[in-house]
Amino acid sequence: MTTDLLHDDFERRLIENTQPIRFFFLASALHHALDLGLVAELERRPGTQEQDLAESLGLDAHRTGALLRFLRNEGYTTLIANGGWALSPKGREVQTFAPWYEMLVGGYALSMEQLGEVVRDGTRYAQRDTTKVGEGSCGIGRYDALPLVEQLLDQVKGAGEPDTIVDLGCGDGSFVMDLLVNRPDLNGIGVEPHAGSVELGERRRAELGLGDRMRLAQGAAHDALKLDLPEGGRGICFMTAFVLQEVMQQQGQQAIEDLLASAFKLYPEARWLVVEMDHQPLAPVMGTHGLAQTFYNPYFLIHAATEQRLETRSWWDEMFARLGLTTEAVANPDPRADSTGLQFGMVLKKS
Ligand SMILES: C[S@@+](CC[C@H](N)C(=O)[O-])C[C@H]1O[C@@H](n2cnc3c(N)ncnc32)[C@H](O)[C@@H]1O
């Protein structure tokens with residue numbers, strides 16, 4: 001019976017069919033090696049023995065060794081002549097992409113673990129690590145959303161540059177703080193419901209020496225209405241980058257419409273900068289484009305499982321038009337970072 005199961009190409013088929021399992025373990029191992037600081041320590045001190053590496057990072061030596069050996073077999077670390085460890089070129093290269101691991105693996109591994117439960121029970125949401133999602137998202141944004149926002153701000157310059165960005169759902173605030181570093185005349189206010197992210201943001205604000213150019217407050221998007229902003233909102237640009245999708249599922253479409261309507265009533269001279277994803281999980285690009293397969297396909301799945309709701313770009317356009325808002329500028333990310341056309345940004349103002 002057993003031998004009947006073992007056709008001569010069984011092992012080849014076994015290997016082929018278990019590749020996704022290999023990558024599941026690899027993604028998780030890489031995330032942890034990056035998050036624990038192991039990759040950075042190897043970069044800093046190549047040739048270090050595993051005992052020494054573990055000690056300097058406060059880790060268990062036996063398990064640190066197991067992780068290093070696993071990564072060696074996947075080509076990320078190498079054992080060198082003195083028995084010490086170093087990064088391979090692939091191990092050095094992956095550091096640039098740490099934010100994608102932080103958001104998709106660190107932030108959403110728990111959600112994927114619960115996928116079966118929430119597919120069965122549509123009334124529940126899968127949990128996620130919100131601090132890691134926020135921090136990872138800001139890190140990714142440095143390559144796509146930040147240059148996109150810079151493009152938008154350049155486009156509206158002629159009609160008067162904003163002097164303050166009010167970043168609602170700012171995560172760890174690094175996104176808006178990077179903008180402030182690039183634009184010395186700009187001030188920032190970050191509003192974020194998660195205490196862990198606000199704490200990270202305060203640390204970053206101090207590290208960057210931004211002083212009173214940057215303020216952080218704990219709160220939700222609708223708390224924007226309680227901030228002490230200049231009369232009429234002159235010079236103010238609210239920003240929601242990947243945040244309306246959160247409010248959409250938590251509070252519904254009406255809450256977003258109320259928020260935008262109230263904000264523009266209170267601050268008619270303000271602008272509102274939106275960055276969102278065009279929810280197109282069946283677009284042709286999804287089956288053909290590398291970034292659609294490595295990033296957007298997991299992204300679309302995970303948003304259906306957690307307390308977030310993506311909509312199409314035309315859905316958002318219709319809502320903004322219904323609210324009497326006009327689009328002052330539109331942009332997509334630099335195609336060198338993302339050429340899928342699925343991420344978009346716009347600046348809205350009251351007609
Ligand atoms: C995907 S992250 C985006 C972070 C950042 N804006 C960026 O562009 O990288 C979504 C953020 O929205 C925050 N958030 C969730 N619900 C919110 C709400 N009702 N109001 C404001 N922010 C919210 C989350 O805590 C998280 O930091």
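A helix here is a DSSP run of H or I that is at least four residues long, and helices are numbered from the N terminus. Keep that in mind while you look around this predicted model.

**View 1. The whole chain, before we zoom in.** The protein chain has 19 helices and 9 strands. Of the 351 residues in the chain, 38% are buried. Now take the contacts between residues with a separation of 6 or more: 69% of them join residues 24 or more positions apart.

**View 2. The shell around the ligand.** Which residues come closest to the ligand? They are G134, S137, G169, G171 and A241, out of 24 residues that surround the ligand. Two helices, helix 11 (130–141) and helix 15 (244–251), each give at least two residues to this shell. Helix 11 is the top contributor, with 6 residues. By type, the shell splits into 13 nonpolar, 9 polar and 2 charged residues.

**View 3. Helix 8 against helix 11.** Packed helices in general are described by two things: the angle between their axes and the distance between those axes. Here, helix 8 (residues 98–107) and helix 11 have axes that come within 7 Å and cross at roughly 155 degrees. Angles over 145 degrees count as roughly antiparallel, and therefore helix 8 and helix 11 are roughly antiparallel to each other. The crossing of helix 8 past helix 11 is left-handed. On the helix 8 side, look for A98, P99, W100, E102, M103, G106 and G107; they meet K132, V133, E135, G136, S137, G139 and I140 on the helix 11 side. Sorted by type, the residues of this contact come to 6 nonpolar, 5 polar and 3 charged.

**View 4. Helix 8 again, now with helix 3.** Helix 3 (residues 19–35) also packs with helix 8: their axes come within 9 Å and cross at roughly 115 degrees. This crossing of helix 3 past helix 8 is left-handed. Helix 3 brings A27, S28, L30, H31, L34 and D35 to the contact, while helix 8 brings A98, Y101, E102, V105 and G106. Those residues sort into 6 nonpolar, 3 polar and 2 charged.

View 5. Find Y108 in the loop between helix 8 and helix 9 (109–113). Is Y108 buried or exposed? A residue counts as buried when 20 or more other C-beta atoms lie within 10 Å of its own; Y108 has 25 of them, so Y108 is buried. Setting aside neighbours within four places in sequence, Y108 is in contact with R128 and I302. Look at Q127 too: Q127 and Y108 are 19 residues apart in sequence, and their C-alpha atoms are 7.9 Å apart.

**View 6. F242, a residue with a positive phi.** F242 sits in the loop between strand 6 (236–241) and helix 15. Its phi is positive, about 60 degrees, even though F242 is not a glycine. F242 is buried because 25 other C-beta atoms lie within 10 Å.

**View 7. H194, between a strand and a helix.** The loop in this view runs between strand 4 (187–192) and helix 14 (195–208), and H194 is found in it. H194 has 17 C-beta neighbours inside 10 Å, so H194 counts as partly exposed. Which residues does H194 contact, leaving out neighbours within four places in sequence? Its partners are T130, T131 and G134, and G134 is among the residues closest to the ligand. G169 and H194 are 25 residues apart along the chain, with 8.8 Å between their C-alpha atoms.

**View 8. E246, back at helix 15.** E246 is part of helix 15, one of the helices that supply at least two residues of the ligand shell. There are 22 other C-beta atoms within 10 Å of E246, which means E246 is buried. Not counting residues up to four places away in sequence, E246 touches G169 and Q308. Finally, pick out R309: 63 residues separate R309 from E246 along the chain, yet their C-alpha atoms are 6.4 Å apart.

Note on methods. Residues are numbered from 1 along each chain as its sequence is written. This is a predicted model: local features need pLDDT of at least 70, side-chain atom pairs count only at pLDDT 80 or more; totals for chains, interfaces and linings use all residues. A residue is buried if 20 or more other C-beta atoms lie within 10 Å of its own, exposed if 12 or fewer, and partly exposed in between; C-beta atoms are placed from the backbone. Two residues are in contact if their C-beta atoms, placed from the backbone, lie within 7 Å. A residue is near a molecule or strand if its C-beta atom, placed from the backbone, lies within 6 Å of it. Ala, Val, Leu, Ile, Met, Phe, Trp, Tyr, Cys and Pro count as nonpolar, Asp, Glu, Lys and Arg as charged, and the others, Gly among them, as polar. Axes are lines fitted to C-alpha atoms, for helices over the stretch in contact, and angles run from 0 to 180 degrees between N-to-C directions. Angles under 35 degrees count as roughly parallel, over 145 as roughly antiparallel, 65 to 115 as roughly perpendicular and the rest as oblique. A crossing is left-handed if the near helix is turned anticlockwise from the far one by less than a right angle, and right-handed if clockwise.
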